[in-house]
Amino acid sequence: SSGINAEYGLLERAVSFLNEPTSIFSYSEVYRVIPPSWPISLIEPFVYRSLGCQAHQYRTSRIVKGLSELEWARTKAARVNCTSRLVKLSSGTYCAFCFHPFSDTSCSVATSGQVYHPNCVSQISIT
């Protein structure tokens, strides 16, 4: 009789612990360890909350993925836009970093449209 009461007491504490709003256990992990004799109705609040959290996490991850894909597409479009532009170097074109004129046609163009010597670009990334 005392063994049954002790077991019932443990069951009652475990159920109330799982059903607390602050419990943060995975439904699949809990389902694996609860005894088969426990009816799911005992931990129904936990099940609903856990499944709701999993659905929220899934939707949030889909939103984050979508935003990441959008940012990647924007970056790619900006890069294509920058690389497809023609840059006309004339005798009055100067490097935006060192302010020296260009002696040949090799140059780097920033997204802002500023023109740099290739060596000056490496200097900019160092400083």
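**Notebook: looking through a predicted chain**

I began with the surface: the accessible surface of the chain is about 10000 Å², and carbon and sulfur atoms hold 60% of it. Accessible areas here come from the Shrake-Rupley method with a 1.4 Å probe, and for residues only the protein chains shown count as cover.

A note to myself on the source: this is a predicted model, where local features need pLDDT of at least 70 and side-chain atom pairs count only at pLDDT 80 or more, while totals for chains, interfaces and linings use all residues. Residues are numbered from 1 along each chain as its sequence is written, and side-chain values use heavy atoms, with hydrogens and water left out.

**Overall layout**

I looked up the elements and found four helices and two strands, in the order α-α-α-β-β-α along the sequence. Both kinds are DSSP runs numbered from the N terminus: helices are H or I with at least four residues, strands are E with at least two.

Next I checked burial. Of the 127 residues in the chain, 14% are buried (under 20% relative accessible area; exposed is over 50%, partly exposed in between, with a 1.4 Å probe and protein chains only).

I also looked at contacts, meaning heavy atoms within 4.5 Å. Among contacts with a separation of 6 or more, 35% join residues 24 or more positions apart.

**Helix α3**

Ser50 lies in helix α3 and is buried, at 7% relative accessible area. Leaving aside neighbours within four places in sequence, Ser50 touches Phe25, Ser26 and Tyr27.

How many salt bridges does the whole structure hold? I found one (a side-chain nitrogen of Lys or Arg within 4 Å of a carboxyl oxygen of Asp or Glu). Glu69 and Lys65 form a salt bridge, with 3.6 Å from N to O. They sit four residues apart in helix α3 (residues 44-83), so about one helical turn separates them. Glu69 is partly exposed at 46%, and Lys65 is partly exposed at 41%.

I then found a nonpolar surface patch of about 290 Å² made by Ile63, Leu67 and Leu70. Patch residues have over 30% relative accessible area and no salt bridge; like charges are joined within 9 Å, and nonpolar side chains (Val, Leu, Ile, Met, Phe, Trp, Tyr) within 5 Å. Leu67 lies in helix α3 and is exposed, at 54%.

**Cysteines**

Last, I searched for disulfides (cysteine sulfur pairs within 2.5 Å) and found zero. Cys98 is in none, and its nearest cysteine sulfur, that of Cys120, is 3.7 Å away. Cys98 is partly exposed at 23%, and Cys53 is partly exposed at 42%.
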